[in-house]
Amino acid sequence: MEGIVFGESPRWHDGRLWFSDWGAGQVIALDAGGSHEVVVTVPSLMCIDFLPDGRLLVVDSAEHRLLRREPDGSLVPHADLSHVSEKPWNDIVVDDRGNAYVNTIGFDFPDGEFAPGLVVLVTPAGNVRPVADDLAFPNGMAITPDGATLIVAESYANRLTAYDIGGDGDLSNRRAWAETPGDHPDGICIDSEGAVWYADVGNQHCVRVREGG
């Protein structure tokens with residue numbers, strides 16, 4: 001596929017590759033044959049993921065909210081994030097219970113003065129509460145297949161940071177999952193062997209790293 005303005009947040013879902021085109025304000029689903037569908041249009045969308053029942057969640061960064069796509073194609077509010085932060089909201093990952101973890105970078109990138117970001121938990125009912133803070137530009141996130149660990153890419157700290165996920169969705173036992181000296185991990189995913197792949201925009205490469213580095 002060509003003509004993508006600013007592609008981000010790739011997700012494989014229901015036999016198609018879904019991603020955000022931030023520049024066009026679109027969520028696009030691309031099939032194996034090369035045809036694509038514009039699924040939703042949101043002027044300030046950011047990243048996407050899916051609830052266990054297949055409904056799409058979209059981070060609407062400028063409006064500081066999480067949107068949900070219903071089976072009839074309509075977009076409805078899922079959660080209000082503005083009471084936590086009105087700085088740009090960024091990435092999202094959903095666990096198999098329908099809990100969504102969403103992060104905000106904490107400052108006006110790229111021109112604003114740096115400030116630490118945080119992660120909130122959005123329950124299936126749309127309730128929001130902070131569960132991690134003091135993150136240096138939190139970016140991509142991933143949950144291990146057993147649902148026990150959340151990994152966050154800290155782009156400004158040159159590391160992947162891990163948390164244990166509790167039964168109530170809260171995060172604990174913060175630790176460095178892997179240091180990435182000289183690299184600024186952005187989007188991440190976990191492969192079948194438990195290693196993390198991250199994209200590094202500045203260095204124009206992708207890296208596979210195991211826990212511990």
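Which strand gives the most to the lining of the largest pocket?

**View 1. The largest pocket of the predicted model and the strands that line it.** Strand 1 is the leading contributor, giving six residues to the lining. Two or more lining residues come from each of strand 1 (7-13), strand 5 (45-50), strand 9 (89-94), strand 13 (138-143), strand 17 (188-190) and strand 18 (196-200). The space within the largest pocket amounts to about 1,100 Å³.

**View 2. Residues around the centre of the largest pocket.** Of the 48 lining residues, those nearest the centre are Asp91, Gly140, Asp186, Gly187 and Ile188. The lining as a whole comprises 29 nonpolar, 11 polar and eight charged residues.

**View 3. The largest nonpolar core.** This core has 30 residues, among which Leu66, Ile92, Val102 and Val122 touch the most other members. At least two core residues are supplied by each of strand 3 (26-30), strand 4 (36-41), strand 5, strand 6 (56-60), strand 7 (65-69), strand 9, strand 10 (100-104) and strand 11 (117-122). Strand 5 gives the most, with five residues. In soluble globular proteins, nonpolar side chains tend to be buried together.

**View 4. Surroundings of Val122.** Beyond its neighbours within four places in sequence, Val122 is in contact with Leu66, His78, Ala79, Leu81, Gly98, Asn99, Ala100, Val102, Asn127 and Val128. Two of these partners, Leu66 and Val102, are named with Val122 among the core residues that touch the most other members.

**View 5. A second, separate nonpolar core.** This core consists of 14 residues, including Val93, Met141, Leu150 and Ile165.

Note on methods. Residues numbered from 1 in each chain as written. Predicted model: local features only at pLDDT ≥ 70, side-chain atom pairs only at ≥ 80, totals over all residues. Heavy atoms only, no water. 1 Å grid on protein atoms, 1.4 Å probe; cavity = no way out; pocket = protein on both sides within 12 Å on 5 of 7 lines; lining within 4 Å. Points joined across faces, edges and corners; volume = space filled by probe spheres on them. Helix = DSSP H or I, 4+ residues; strand = E, 2+ residues; numbered from the N terminus. Nonpolar A, V, L, I, M, F, W, Y, C, P; charged D, E, K, R; others polar. Core = buried A, V, L, I, M, F, W, Y, C linked by side-chain atoms within 4.5 Å. Buried < 20%, exposed > 50% of the residue type's maximum accessible area, 1.4 Å probe, protein only. Contact = heavy atoms within 4.5 Å.
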